Amino acid sequence: MPRTPPAADAPGRAVHRTIHRGRAPSVGDGAGRFGRSNAVHVWHGRVADLPDPADTALLDDTELSTFRRRGAPFAGRYAGAHAAVRRILADHYLGGPPAAIRFGRHRCPRCGDPTHGRPRIVAPATRLDFSLSHSGPYWLLAVTAGGQVGVDIEEHTGRGFGDAPRIALSDAELDVLSGAADEREHEALFLRAWTRKEAVLKAVGVGIVADLRALDTLTHPHGPLRVDHAEPGRPTTWTVQDLPLGPARTAALAHEHTRLGPVLLRHPPTP
């Protein structure tokens, strides 16, 4: 199905974009498989709570250090999600063994520090960009050769959010949230706003140190929508869209607005 071209829009206005579902691409041509389409492949899955030795065997020293600092069930989920990323990148894009992939960081656009910028693939050499998020047992991965991407996924837990809405939402968004019919809708509305904001900030590379209240996303319930956020040396306009991953999860994808392409949902093969 061809993608509907984006309409001319103003900041915050919804734009047209189609999400496709399809088979996983073949192995071997890395970033070249995306051609000129600026496509984004979105992979998602669920991992077990207990660590699998086959997963931990793929992790590098940095990942293993993080894994060892985490208790159950977070350690197993972390290892499972990061191993899944390695397998997907190796099997469907980069070739070679998953354990051989080396990751690093881009410099932070605000301070230039290379230790807390956006993640990147250091080896093998590639122009692929990716973003990973996980919440509870669920993980979400976006891969593209068409600019910068960010994703966020949040599990619905029903535990409430404390002061988070007041800290993260604009006054207009708080008005929308106050109109929720019940606790379930309240949770869904807040997580929609949160994941959209997080996806943008992860694509930019600054995380939640930015002013979340300045990003108004909830007053536009239907996506995709255009969001403006500027950081030094980064794109200033992003297209943000919700991802249909099923019940008990809310997720969003942010991609450079000037490099839009089809969004393709993928499932990794079952072991």
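This is a predicted model: local features need pLDDT of at least 70, side-chain atom pairs count only at pLDDT 80 or more; totals for chains, interfaces and linings use all residues.

P73 sits in the loop between α2 and α3, where helices (H or I, at least four residues) and strands (E, at least two) are DSSP runs, numbered from the N terminus. Residues are numbered from 1 along each chain as its sequence is written, and side-chain values use heavy atoms, with hydrogens and water left out.

The loop between β4 (119–123) and β5 holds P124, and the peptide bond from A123 to P124 is cis, with omega near 0 degrees. In the loop between β1 (19–21) and β2 (40–46) lies N38, which is not a glycine and yet has a positive phi of about 55 degrees. N38 is buried, with a relative accessible area of 19%, where buried means under 20%, exposed over 50% and partly exposed in between (1.4 Å probe, protein chains only).

The largest pocket is lined by 36 residues, of which H82, R105, G117, P119 and L132 lie nearest its centre. A pocket here is an open set of points on a 1 Å grid over the protein atoms alone, where a 1.4 Å probe fits, with protein on both sides within 12 Å along at least five of seven lines, and lining residues have an atom within 4 Å of a point. β5 gives the most to this lining, with 6 residues.
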